[in-house]
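Dear colleague,

Please find the structure below. My notes on helix packing and salt bridges follow it.

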Amino acid sequence: MTRSGGPGTDDTGAAVPLPERVRRVVSLVPSLTETVAVSAPGLLAGATDWCTHPAGLDVPRVGGTKSPDLGKVAALRPDVVLGNTEENRPGDVEALRASGVPVWMTEIRTVDEALPSLRRMLAGACRVPAPAWLEEAERVWARVAPGAPRAAVVPVWRRPWMVVGRDTFTGDVLSRLGVANVYAGHPERYPKVPLEELNAAGADLVVLPDEPYRFTAADGPESFPGLDAALVDGRHLTWYGPSLVDAPSVLARQLAEARRY
């Protein structure tokens with residue numbers, strides 16, 4: 001029997017009972033799946049249907065981030081399940097914990113929260129040392145210089161239109177690159193806003209990621225005829241994990257390529 005290594009403390013302050021050696025990890029968040037798969041490939045025992053990186057990831061699937069099959073999760077006998085307060089439902093987390101499955105929750109709304117959270121998760125929940133990519137991401141973000149200031153609306157869905165609002169990781173990433181989110185002061189984190197209001201919000205840029213809604217040159221920019229449109233990689237804009245290393249350079253290039261469509 002594996003001797004208990006005692007509880008670790010996740011981002012929410014919850015004590016998570018963990019074995020001395022972690023051998024099996026199930027991730028319910030795509031960016032955390034990539035984090036574990038790249039940092040300690042042998043640990044990952046399961047992931048959601050939405051976990052697309054690294055390419056060719058071959059592990060059992062347990063459903064969606066908001067609709068995991070809890071029976072499948074438990075059947076994989078994880079030493080720990082990784083989740084996120086924005087991505088996963090509290091009821092699912094509580095149910096897993098009630099069944100005896102340890103769940104480590106991350107809570108990430110800024111780059112400054114992401115880097116130590118990932119370091120803590122890898123060390124505390126997965127029992128692995130900080131990987132080289134994480135140290136490189138810390139160096140990269142420490143020297144990021146913002147580009148020319150822009151004011152933007154940042155849709156994440158249409159039909160209905162939803163945009164990035166207050167207190168989000170996405171908004172923080174953009175702000176570090178010189179892009180101010182015009183809805184950063186909205187009381188909701190992802191408000192539904194009519195298109196006519198978006199076009200009258202005072203922005204000079206619309207940032208259109210390819211996830212969760214897949215905006216493209218032919219689907220999105222036409223709704224904002226008076227604005228430059230930047231089509232950006234959603235993984236680099238919204239994921240916290242190995243993508244953080246390249247995110248500043250990739251996003252800076254894509255923002256610089258913004259134009260009228």
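Glu136 and Arg139 both lie in helix 5, three residues apart, about one turn of the helix. Their side chains meet in a salt bridge at 2.8 Å, N to O (a side-chain nitrogen of Lys or Arg within 4 Å of a carboxyl oxygen of Asp or Glu). This is a predicted model, in which local features need pLDDT of at least 70 and side-chain atom pairs count only at pLDDT 80 or more, while totals for chains, interfaces and linings use all residues. Residues are numbered from 1 along each chain as its sequence is written, and side-chain values use heavy atoms, without hydrogens and water.

Glu136 also forms a salt bridge with Arg143 (3.9 Å, N to O). Arg143 is exposed, at 58% relative accessibility, whereas Glu136 is partly exposed at 26% (buried means under 20% relative accessible area, exposed over 50%, partly exposed in between, with a 1.4 Å probe and protein chains only).

A further salt bridge joins Asp228 and Arg150 (3.1 Å, N to O). Asp228 belongs to strand 12 and Arg150 to strand 7, so the pair ties together parts 78 residues apart in sequence (strands are DSSP runs of E, at least two residues; helices are runs of H or I, at least four; both are numbered from the N terminus). Asp228 is buried, at 18% relative accessibility. Arg150, Asp204, Asp228 and Arg260 are linked in a network of salt bridges. The whole structure holds 18 salt bridges.

Yours sincerely
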